[in-house]
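User: I am new to this structure and would like to go through it in steps. Please show it before we start.

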Amino acid sequence: ASPKFLLRAMASDGKSEREITVVDMKFAAAHFVAFDGFREPLHGHNYSVGVRIGSKQLQPDGYLVDFGDVKKAIRSLCERMNQRTILPGNCEVLTVRQSGEQLEVICQDGAKFMLPARDCIVLPIAHTTTEELSEHIWSETVASVGRQLKERGCAWLEVQVSERPGQGACYRSQIPDTATSFKAPGKRTPHPCMAAPVASDKVVVPQQEMQSPAVPPPPEAMPWVSASKDMADPSAEAAWRQILETLGSEGARPELRKTPYRAAKAFREMTRGYWQDPLEVVGTGIFEADSHDLVAVRDIPFHSLCEHHLLPFSGSAHIAYFPNGKVLGLSKFARILEVLARRLQLQERLCKQFAQTVDQLLEPRAVVVSLEATHACMSHRGANVPSSTRTIAFAGAQKTDPMLREMLLSGVSRSPARL
């Protein structure tokens, strides 16, 4: 069975308890564990993450917290670390240096490793044990949604990180009055992966904003996760202003004075999918139905940004599936696609994610997605050749069935009028 994420909110008097379980709060990552005189080999785990929140009382709406906000914060952190090698940025016995597109890791015993920078994430911690990972996730979660939790009367937050069933660590502390950045944890005795679980109850006192790691986060990282999703980010606005300065005096024209703000706000809007959950936008749009025949929805428009050049690509999506007791409201396909497309994307990945999301929601016999799009990175630069790109992705328990595949493809194929 897949590791599960258990989110439990409870009143501190123990008289009220609410819990919700979802299956995707996990990440797989490799890591180093090293301290003076000891280093484990590079290895990996399938981590699972759990959260407990203590509240003084139920709110007037009958809930303790907004589960959606907490889930989004944890999910974004898991996505940042998933399929990465986690490196400690504050370790005294490991040195991490960047050389072009590679990271060089130099160990106290003289061992050296060269790793692709895009496959790594450097965290502001001294070791990559579950003890420190739980504390790091606690700090990032509070920085993201601590203000909302405090406004709901939540008193404390606990984060558990497990690397295998029965082995992990937790970190619990009071939620500060104001959301802020937290300093990385100081030096402490690490616990290798084979050690028994150790829980920490250390209180983190808000400190000055921590220094950014020497290696920039990968493209999947959410740089503005704690900023308002409806406004331009100040750092993005400053970056756009620097871009205009490369045009010399032309970039200083009065007419361009507000352009950096507009561009930053537009970029935020075009990447708003990072602050939305495709599994949640469907709401109550999943219906039980005694239907097993082909369902096809065609010509769903979408717009996205190519992650290679930050230029738009847009087109139409077609989806077909064989239900297995559940169907999705027709408008929900467009909502799911909108969330996934409003991120830095590749058409191939977007196609696959759309199919996998529908498969996760409905568990159909099989589903296929076809995307047809034109890319500005090809028509407005480089080759300067307009063309259309088509991608197809299958998902579902019976996706390899030849008969089902043929029928699914007929549902998303180009109509005779378009050939």
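User: In what order do the three strands of the open sheet stand?
Analyst: This is a predicted model, in which local features need pLDDT of at least 70, side-chain atom pairs count only at pLDDT 80 or more, and totals for chains, interfaces and linings use all residues. Residues are numbered from 1 along each chain as its sequence is written, and side-chain values use heavy atoms, with hydrogens and water left out. Strands are DSSP runs of E with at least two residues, numbered from the N terminus, and two of them pair if DSSP finds at least two bridges between them. Pairing in this open sheet is antiparallel, and the strand order is 8-9-10.

User: Which residue in strand 9 is the bridge partner of Thr95?
Analyst: Strand 8 pairs with strand 9 (residues 102–107) in the antiparallel sense over six bridges. Arg97 stands opposite Glu104 in strand 9. For Thr95, the bridge partner is Ile106.

User: Which residue in the turn between strand 9 and strand 10 has a positive phi?
Analyst: Strand 9 and strand 10 run antiparallel and are joined by five bridges, with Leu103 and Leu115 as bridge partners. The two strands form a hairpin with four residues between them. The positive phi, about 95 degrees, belongs to Gly110.

User: How many of the six residues in strand 9 are buried?
Analyst: Buried means under 20% relative accessible area, against over 50% for exposed and partly exposed in between (1.4 Å probe, protein chains only). In the chain, buried residues make up 45% of the 419 residues. Strand 9 is mostly covered, and its buried count is five.

User: At what angle do the axes of helix 3 and helix 4 cross?
Analyst: Helices are DSSP runs of H or I with at least four residues. Axes are lines fitted to C-alpha atoms, for helices over the stretch in contact, and angles run from 0 to 180 degrees between N-to-C directions. The axes of helix 3 (residues 234–245) and helix 4 (residues 259–270) come within 8 Å and cross at roughly 125 degrees.

User: What does that angle make helix 3 relative to helix 4?
Analyst: Angles under 35 degrees count as roughly parallel, over 145 as roughly antiparallel, 65 to 115 as roughly perpendicular and the rest as oblique. Helix 3 is therefore, relative to helix 4, oblique.
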